[in-house]
Amino acid sequence: MILVIASTFAYNKYKMKTLEEDVFEYVMKEKKVSENDLTGGAYFSKLQGDKKYLVDVKIKGDSNIYAYYRTKNNQIKLESYTDEDRVEHVED
């Protein structure tokens, strides 16, 4: 029982870490910003399917907070962003 719980925890930790790294790489390429200009992290969301794991990204000099996820086709997609007035805008 402990092995199952530990394995599940380790898998989720690995999945979130790799997703975070991939999202940061995607944002650096698409937005042409350096890694030093990015902050954020991966987390479990209340959404279903591909959007169960999200990564929030904050770009230095940009007041928005962006939430990205990975699709079944292994693509990084923008799920939503929150503007400076704390209004969330869902992309799809």
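This is a predicted model: local features need pLDDT of at least 70, side-chain atom pairs count only at pLDDT 80 or more; totals for chains, interfaces and linings use all residues.
## Overall layout

The protein has 1 helix and 5 strands. Starting at the N terminus, the order is α-β-β-β-β-β.

Along the principal axes, the C-alpha atoms fill a box of roughly 45 × 25 × 25 Å. Take the contacts between residues at least 6 apart in sequence: 27% of them join residues at least 24 apart.

## Surface and charge

How much of the protein is buried? Of its 92 residues, 29% are buried. The exposed surface comes to about 6700 Å². Carbon and sulfur atoms supply 52% of that area.

The charged side chains number 15 positive and 17 negative. The centres of these two sets lie 5 Å apart.

## Aromatic pairs

A search of the whole structure turns up 3 aromatic pairs. One of them joins Tyr26 and Tyr68. Their ring centres are 5.9 Å apart. Their planes meet at 70 degrees, so this pair is edge-to-face; the cut-off for that class is over 60 degrees.

Which parts of the chain does this pair link? Tyr26 belongs to helix α1 (residues 2-31), and Tyr68 belongs to strand β3 (residues 65-70). The two residues are 42 apart, and the pair links distant parts of the chain. Is Tyr68 buried or exposed? Its relative accessible area is 5%, so Tyr68 is buried. Tyr26 has 30% relative accessibility and therefore counts as partly exposed.

Phe44 and Tyr53 also form an aromatic pair. Here the centres lie 5.2 Å apart. The angle between the planes is 45 degrees, and the pair is tilted. Phe44 is partly exposed because its relative accessibility is 43%. Tyr53 has 9% relative accessibility, so it counts as buried.

## In brief

Tyr26 in helix α1 pairs with Tyr68 in strand β3. Phe44 pairs with Tyr53 in a tilted arrangement.

Note on methods
Residues are numbered from 1 along each chain as its sequence is written. Side-chain values use heavy atoms; hydrogens and water are left out. Helices (H or I, at least four residues) and strands (E, at least two) are DSSP runs, numbered from the N terminus. Buried means under 20% relative accessible area, exposed over 50%, partly exposed in between (1.4 Å probe, protein chains only). Contact means heavy atoms within 4.5 Å. Accessible areas come from the Shrake-Rupley method with a 1.4 Å probe; for residues, only the protein chains shown count as cover. Lys and Arg count as positive and Asp and Glu as negative; His and the chain ends are not counted. The place of a charge is taken as NZ of Lys, CZ of Arg, CG of Asp or CD of Glu. Rings of Phe, Tyr and Trp (its six-membered ring) pair if their centres lie within 6.5 Å; planes under 30 degrees apart count as stacked, over 60 as edge-to-face and the rest as tilted.
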